[in-house]
Each structure stands twice: as C-alpha cells, then as structure tokens.
Amino acid sequence: MIIDQIGKITDSVYMIGSPGVPVYLIDGDFPALLDAGFAFVGKRYVNGIVDVLVDRKPAYQFLSHVHYDHCGAVSFFKKNFPGLQVIASEKAKKILQRPKAIELIYRLNQSAEDASKKGGMVADLTGSFEAFNVDMVVKENDVIRISDTLSIKIIETPGHTRDSISLYIPEQKILFSSEALGVPDKTGYINSDFLIDYDMYLNSMEKLASLDVEILCLGHHYAYTGKDASEYIQKSLVQCDAFRQLVETCVQEEKGDLKRIMSRIKKFEYDGKPGPQQQEPAYLLNLEARIKVIQKRMEERKSG
Ligand SMILES: [Zn+2]
C-alpha cells in the first residue's frame, strides 16, 4: 500500500501534520517524534500529536538531520511538551551550535512560510524557527526503548548530509529513511539526494536495502507497506545509478558547462512535473550540489 495522507500507519506509528513535511509519531510508554518539519506548521503538528496522545506527552524528539524542513518546529514542541528530549547525531548537534546555521534555518523557514501564504495552502498558520540544543547524541547501532515491545535502532546514513541518520524498529520491521532513499515525486520518479558524496550515499542506501522492511516511512510525501516498500527501495537504488549516469553524460557532452548541464537535468527531472514540488531556488541549489558531487567523483576517478 502507498500512503500519502496523514493519519495512522500502524497501531503505533502515525504520520502527523502534512505528508509534504511530516512528523512521525511512534507511540509507546515513551512516545517518540521523528523530525519537526517547518516552523510555521508547528501548531498543526502539536494538534495532531495531542489528538493521538491526549493527556500523555512525547518523551523523545529524533532528528533525521537538521535541514530547515526537518527541524523547524523543535523549539515550539519543547515549549508545548516540557521535558521533550532532542536526539540527533553528533554532527547535527555541532551544526546547531553554529550561529550561521541557525540564521540560515531561520531564514529558510520564513521563506517557506511566505511561499505557503502566497499559495494560500496553510495561510492560517504561522511560527518562527528558534535555536535549540540536542540533548542526547546517538550513533550507529544505538537503541532507544519506546516500550517493552518497541525499540528504535539508529542507523547512520550519511550522503544526503553528513549528519543524516535513519531509524529502524526491528520488532515491527519499520524503517524511517528520511532522505537517504531519495524523494519521490507524483510520477514515481525518485530524486536521488546525495548533496555531500555519491559513494557515501550509495553505501547508506545499500545498508538500508539489506534490512528486512515491512513498512517504509520517507522524509517527504509517502509511506509504503509490504511489496510497495521493498519495490521502492529497489527502485531508489536503480534510479540513483541512472541519475549518476545521466549527470556523467551531461557533464561530458556539455564539457563541464554548469548552466547547460543544470538546464538539461532540470528539464528531465523537474520541469512540468505535477506538484507539490520543492521550490525552484531550493531545487536549483540542490541540483548544483549533486552535479558537483558527480563532477568531483569523475575527476577523482580520472586522476586515480
Ligand atoms: Zn534534507
């Protein structure tokens, strides 16, 4: 099954807020949240969390990474749920101590709010990003217990960013991959999202592909169950390789001319696609980063 609506995914897992920038709630004796979307959607997330937990409170706030669209509402959650412990990688903790990073996360959250107001989608919502601390640092194979029958295992999945982690619930074979397995659009095309390093990203994908997965919850838009989950994982590997080949071909044919390479790839994977899409400036920034990752890899291979 392909899930593209907020609500219950299993008896203990919920997609909250908005499928585009979801918060996942993993319920148990110590309820956990994964990611915190946009700052301005904060109130909607809190309402969704309270609908499920009623008079209980979430204990943990996991962060897959600290891109602005994954950590926007953390400080708002901390205010609403006193005692909430923020859990992320060591690298994420360090990023959040840099004033420049905080400034960028703040600014991008404001422009996401402005864009959504223009689109009239969630014009009733508002809220700004505020800095916060990571309370607990986790690393590969750490396990956080949610209840007697539910635990969350940390899998380091760098490549999209350096601070990326994925979460796995072995008892129920549920994987939260965030952007480590790409981001699909409405046509089924999967945007391969290696902003830092291609081989690192591929290793992370292969690590996730080796897990036994019944339910796959992505960082944006979709969750999959059963056959759809395993098919998505396989497809994300195939499409990542195909995207690398496409970039290599464009780099060679356009003799490294970044503008022309970008326009060819944008035509292929972005232009004319049905929404909701990433905003164009953000798409272009990410595209440039991905092309540069492949160009660097090509040069290293040539000289190596
Ligand atoms: Zn991201």
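How are the donor residues of the zinc ion spaced in sequence? They follow the pattern H-x1-H-x92-H-x18-E, and the points below start from there.

Before that, a word on conventions: this is a predicted model, in which local features need pLDDT of at least 70 and side-chain atom pairs count only at pLDDT 80 or more, while totals for chains, interfaces and linings use all residues. Residues are numbered from 1 along each chain as its sequence is written, and side-chain values use heavy atoms, with hydrogens and water left out.

1. **The zinc site.** His65 (NE2), His67 (ND1), His160 (NE2) and Glu179 (OE) coordinate the zinc ion at 2.1 to 2.4 Å. Donors here are N, O and S atoms within 2.8 Å of the metal (3.2 Å for Na, K and Ca), and sites may look incomplete because water is not among the atoms. The angles among the four donor atoms run from 81 to 174°, and the site is irregular. For reference, four donors count as tetrahedral if all angles lie between 85 and 135 degrees; four count as square planar and six as octahedral if opposite donors are over 155 degrees apart and all others between 65 and 115; anything else is irregular.

2. **What the site links.** His67 sits in the loop between strand 6 (60-62) and helix 2 (68-71), and Glu179 in the loop between strand 12 (174-178) and strand 13 (183-184), so the pair ties together parts that are 112 residues apart in sequence. Helices (H or I, at least four residues) and strands (E, at least two) are DSSP runs, numbered from the N terminus. His67 is partly exposed at 26% relative accessibility, whereas Glu179 is buried at 7%. Buried means under 20% relative accessible area, exposed over 50%, and partly exposed in between (1.4 Å probe, protein chains only).

3. **The largest nonpolar core.** This core has 37 residues, of which Leu181, Phe194, Leu216 and Ile265 touch the most other members. A nonpolar core is a set of buried Ala, Val, Leu, Ile, Met, Phe, Trp, Tyr and Cys residues joined through side-chain atoms within 4.5 Å. At least two residues each come from helix 6 (198-209), strand 15 (215-218), helix 7 (226-253), helix 8 (258-269) and helix 9 (280-303). Helix 7 gives the most, with nine residues.

4. Leaving aside neighbours within four places in sequence, Ile265 is in contact (heavy atoms within 4.5 Å) with Phe243, Leu246, Val247, Cys250, Tyr270, Tyr283, Leu287 and Ile291. Apart from this core lies another, of 35 residues, including Val21, Val66, Ala92 and Ile105.

5. An open sheet of seven strands runs in the order 2-3-4-5-6-7-8, with mixed pairing. Two strands pair if DSSP finds at least two bridges between them. Strand 2 (7-8) and strand 8 (136-138) stand at the edges with a single partner strand each, so one side of each is left without a neighbour in the sheet. Strand 7 (residues 85-89) and strand 8 run parallel, joined by three bridges; Ile87 has Met136 as its bridge partner in strand 8.

6. Strand 9 (residues 143-147) is joined to strand 10 by four bridges in the antiparallel sense, and the two form a hairpin with two residues between them. In the hairpin of strand 11 and strand 12, with four residues between the strands, Lys173 takes a positive phi near 55°.

7. **Burial in strands 10 and 11.** Five of the seven residues of strand 10 are buried, so it is largely enclosed by the rest of the structure. In strand 11 (residues 165-169), five of five are buried. Ile165, Leu167 and Ile169 point one way and Ser166 and Tyr168 the other. In a regular strand the side chains alternate between the two faces of the sheet.

8. Asn109, in helix 5 (residues 99-119), is buried with a relative accessible area of 0%. Beyond its neighbours within four places in sequence, Asn109 is in contact with Gly37, Phe38, Ala39, Phe40, Tyr68, Gly72 and Phe129.
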